[in-house]
Amino acid sequence: MPPPVRPATLRAVSAVDEPLPPAPTPGPSVASERLHIPWRARLAISLLCGVGLAWILWDGGLPIYPPDGAFDRLRPWTVVAYVASLAAVHWFRAARWRHLLRPLGQLSLREVVAVAWVGFGAILLSPLRSGEVVRPYLITRRSSVRMWEATGTVGAERVIDGLALSAILFIALRRVTPLDPLPDHIGDLEVPVAAVPGAAMSVLFLFCSAFVAMAVFFFARDFARRVTQKVFGLVSAPLGERVADIVDRVAQGIGFLPSPRHLVPFLLETAAYWSINAAGVWLLAWGSGLSGITLAEACVTMGCLGIGILVPSGPGYFGAFQLATYMALAMFFPEDVLKGPGAAFVFVLYVSQVGFHLVALGLGLRLLRRAPETWPKAEALG
């Protein structure tokens, strides 16, 4: 029986620089040196980013906490409904991972969901998104899936999500009617709002390129291996061989690509995940007092937010989350609305998402302590 997962395990996993294959365990002093120094450095950088972004918000007159009167038009029932939508979003976001893992090994649905919820919480809390390693690590502890293969599934999921989100943003930008002319500032920040569509196009190109690269690494694995060996072999032949082995094992993690049995359900659940997310953002924005907001404008807001939190920021995406959301809203609402109902929306959106992630993290840790033998098998769940 695998050992129970403790919160201390989560902290230790988040401290690792990158996922590594099984290797002899170094002595305590060496392990401590490897883990704690990089962790402290990342934490310091993350906190500096968070403080810097918070200062930018404050200096630009964009409130982190809404001013007096901002909540006057808030409809409390929409907050409850939005939190309920987050439960569905969090479920689909986690459960769809099983389709990517099934070509690699058999796992229970609850186990996949619990590991994913713990991983999402680790990403939220860890500096510079270093918690991305938690999901692959935990799933290898509880299944026959190997570390680099699991990492490949997570990377593929990220690429497909980025492609879907940037495509939604690209389409939504063509269905909205922004302010004319677009402001040349956001609050007191000299940041032109007109830069948002250009940034959306750049991100769409980036994720399209990443998807093509992912396909090449799977369908032309021998070619990718040879190129990797040659490039890294310029530094060291053993290094080139080592990196090529890693690339080959990561490519095995995207074995779902040619299989409609695994790819189609994953894409359908991904569509459900983003659709419910967009509807929830629209409802909460409307309920916060942004009464004229359309679903397309909510999709633009969701897209800008999703892209914005990819940049380095403080724990909890603090600073980047608020700034990205304000940038999206500035395309559609004048400054007085932005700093009133808009500030209420940004605040409630942030608190709801962070709070739900923390609740799911606690629930995931509790589920992982249960005996896996008591859970239904993945094949029995369809």
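The legends below describe several close-up views of one predicted single-chain model.

Residues are numbered from 1 along each chain as its sequence is written. Because the model is predicted, local features are reported only at a pLDDT of at least 70 and side-chain atom pairs only at pLDDT 80 or more, while totals for chains, interfaces and linings use all residues, and side-chain values rest on heavy atoms, with hydrogens and water left out.

**View 1. The chain as a whole and its confidence.** The secondary structure comes to 15 helices and 0 strands, these elements being DSSP runs numbered from the N terminus (helices, H or I, of at least four residues; strands, E, of at least two). The mean pLDDT, the predictor's confidence in each residue from 0 to 100, is 80 for the chain, and 80% of its residues reach 70 or more. Confidence is lowest in helix α1 (residues 7-14), with a mean of 40, and highest in helix α3 (residues 76-95), with a mean of 97. Over residues 1-37 the pLDDT is below 50, and this stretch has 49 contacts in the model beyond near neighbours in sequence, a contact meaning heavy atoms within 4.5 Å. Residues 373-382 also have a pLDDT below 50, with 21 contacts beyond near neighbours in sequence. Where pLDDT is low, the predicted coordinates should not be read in detail. Of the contacts between residues at least 6 apart in sequence, 78% join residues at least 24 apart. Buried residues make up 51% of the 382 residues in the chain, where buried means under 20% relative accessible area, exposed over 50% and partly exposed in between (1.4 Å probe, protein chains only).

**View 2. The second largest pocket and its lining.** This pocket has a volume of about 640 Å³, and it is lined by 31 residues, of which R93, Y273, W274, G306 and I309 lie nearest its centre. On a 1 Å grid over the protein atoms alone, a pocket is an open set of points where a 1.4 Å probe fits, with protein on both sides within 12 Å along at least five of seven lines, and lining residues have an atom within 4 Å of a point. Grid points are joined across faces, edges and corners, and the volume is the space filled by probe spheres set on the points. Helices α3, α5 (109-125), α7 (147-173), α11 (260-287), α12 (295-308) and α15 (341-368) each supply at least two residues of the lining. The lining divides into 20 nonpolar, 7 polar and 4 charged residues, with Ala, Val, Leu, Ile, Met, Phe, Trp, Tyr, Cys and Pro counted as nonpolar, Asp, Glu, Lys and Arg as charged, and the others, Gly among them, as polar.

**View 3. The largest nonpolar core, around L349.** A nonpolar core is a set of buried Ala, Val, Leu, Ile, Met, Phe, Trp, Tyr and Cys residues joined through side-chain atoms within 4.5 Å. Of the 55 residues in the largest such core, V300, F345 and L349 touch the most other members. The elements that give two or more residues to this core are α3, α5, α7, α8 (195-219), α11, α12, α13 (320-329) and α15. Leaving aside neighbours within four places in sequence, L349 is in contact with Y82, V281, L284, L305, F321 and T325.

**View 4. V348 in helix α15.** V348 is placed in helix α15 and counts as buried because its relative accessibility is 10%. Not counting residues up to four places away in sequence, V348 touches F71, V79 and L284. V348 and V79 are 269 residues apart in sequence, yet 7.7 Å apart in space, C-alpha to C-alpha.

**View 5. A200 in helix α8.** A200 lies in helix α8 and is buried, with a relative accessible area of 4%. Beyond residues up to four places away in sequence, A200 touches L169 and L173, while the C-alpha atoms of A200 and F170, 30 residues apart along the chain, are separated by 6.4 Å.

**View 6. Backbone features in two loops.** Most residues other than glycine have a negative phi, and most peptide bonds are trans. A cis peptide bond, with omega about 0°, joins D180 and P181, and P181 is placed in the loop between α7 and α8. In the loop between α12 and α13 lies Y317, a residue other than glycine whose phi has a positive value, near 60°. Y317 counts as buried, at 13% relative accessibility.
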